[in-house]
Amino acid sequence: MSQIALPLKAQASTLESNPVDLPLGIGFAPIPIINARQLKNFIFDAQAGKSEITRMCAELGEAFKRFRWEKDPCGSVAWKAGLKSNDGRPLIYAEFGAGEETTLLLGGVHPDELTPIPIAFRFARLLQEKPELYEKLGIHVVIAPLVNPDGFLRIKGNPNAMPTRTNRLGVDLNRNFFTTDWYPRAKHWWEERRQKSLSHFPGHFPNSEIETVFQIQLIDEFDPDKILSIHAPLGFLDYDGPGDQLPRALTNSEAKAKKLVRDISESSRNYRIVDYSFYPGSLGNYAGNERSIPTITLELETTKPEKMDSYWNQFRPGLEALIRYPFHEARTTTGGNATRFYSDHDKRNFKRSDSSSI
Ligand SMILES: [Zn+2]
């Protein structure tokens, strides 16, 4: 045994004295990956929940002030959280209405893009103030306005740090979903197409980040009929989902799914629609391509915080068109990939519940 142990020891010390080119310099650090056991560390404590959410809302108010946005982004919305970020911030979402037609709206996946964040919060407050937009209309809306709070609010005690695209652990959350092409393509795409740009790092493993898990759990739990994620600054609407990039005539259901993006465009001063392909590990790939949930990316034109009001005026009617658009029936009849990523065992940590709402 000692004959084997010695060369191994020798090899280890050689590595220490001649460091090899380890990815991101953290080759010996524990690699973060979320499994059922580790998920426990990210469960948001419902008992402490109200004060934690209130605290983050105050922190958000400070951050919004800096960009000359409204002082109270959270308003009187009944925010909930089932998970928390690496810095312990609640991953908040809110639900409106109890109908069948479910829309999931996501903001702040890439917080350095700035403009989507106040738009998503504003839409939540609008729904809070105007229940006539969904009540008795069979509409159900779930909004997670700030998927990546650590990227927006940065490290505690450093309020002047600029928001980042990535999360606390340096992962691009829109490249971290466990899509079937993640292993063969995500790292390759990052190395070749992005020259290992740190802001586009897809993670060491797919689904390694709690904010990715958060989005997947929202999809699993609420089974949305359509998803819209707001980004910037590419300046277009992109559709991923049934009927996307197919070289054949569309079925009625696919055509109906694709028409959703035209409806949003028409309601938003004929905003440009671009058929953009999806990336390994992206939401559009995961939800739209692989699970046939119509998934739209709204790319606002700029990340300039002062543009917020004009974007709100332009896209508010489009967001209202989105939640009204009837797709539940069409989707139910065509099925799609209903496979849930997480088992019920994992999901018990993330129930529809009012216990942690304020
Ligand atoms: Zn983005």
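At what angle do the axes of α4 and α10 cross, and within what distance do they come? In this predicted model, the two axes come within 10 Å and cross at roughly 50 degrees. Axes here are lines fitted to C-alpha atoms, for helices over the stretch in contact, and angles run from 0 to 180 degrees between N-to-C directions. Helix α4 is therefore oblique to α10; angles under 35 degrees count as roughly parallel, over 145 as roughly antiparallel, 65 to 115 as roughly perpendicular and the rest as oblique. From α4, Pro-118, Ile-119, Arg-122 and Phe-123 meet Met-308, Tyr-311, Trp-312, Phe-315 and Leu-319 of α10. Contact requires C-beta atoms, placed from the backbone, within 7 Å. Eight residues of this contact are nonpolar, none is polar and one is charged. Ala, Val, Leu, Ile, Met, Phe, Trp, Tyr, Cys and Pro count as nonpolar, Asp, Glu, Lys and Arg as charged, and the others, Gly among them, as polar.

Residues are numbered from 1 along each chain as its sequence is written. Local features need pLDDT of at least 70, side-chain atom pairs count only at pLDDT 80 or more, and totals for chains, interfaces and linings use all residues.

Helix α10 (residues 308–324) also packs on α8 (residues 252–267), at an angle of about 150 degrees and with the axes 7 Å apart. The pair is therefore roughly antiparallel. Its crossing is right-handed. Asp-263, Ile-264 and Ser-267 of α8 contact Pro-317, Gly-318, Ala-321 and Leu-322 of α10. Four of these residues are nonpolar, two polar and one charged.

The protein has 12 helices and seven strands. These are DSSP runs, numbered from the N terminus (helices H or I, at least four residues; strands E, at least two). Of its 358 residues, 45% are buried, with 20 or more other C-beta atoms within 10 Å of their own. The largest nonpolar core holds 78 residues, of which Ala-120, Val-141 and Ile-143 touch the most other members. Such a core is a set of buried Ala, Val, Leu, Ile, Met, Phe, Trp, Tyr and Cys residues joined through C-beta atoms within 7 Å. Helix α4 (residues 116–129) supplies its largest share, seven residues. Beyond four places in sequence, the contacts of Val-141 include Phe-96, Leu-127 and Ile-323.

His-328 lies in α11 (residues 328–334). His-328 is buried, with 20 other C-beta atoms within 10 Å. Its contacts are Glu-100, Glu-101 and Asp-225, not counting residues up to four places away in sequence.

Note on methods: A crossing is left-handed if the near helix is turned anticlockwise from the far one by less than a right angle, and right-handed if clockwise. Two residues are in contact if their C-beta atoms, placed from the backbone, lie within 7 Å. A residue is buried if 20 or more other C-beta atoms lie within 10 Å of its own, exposed if 12 or fewer, and partly exposed in between; C-beta atoms are placed from the backbone.
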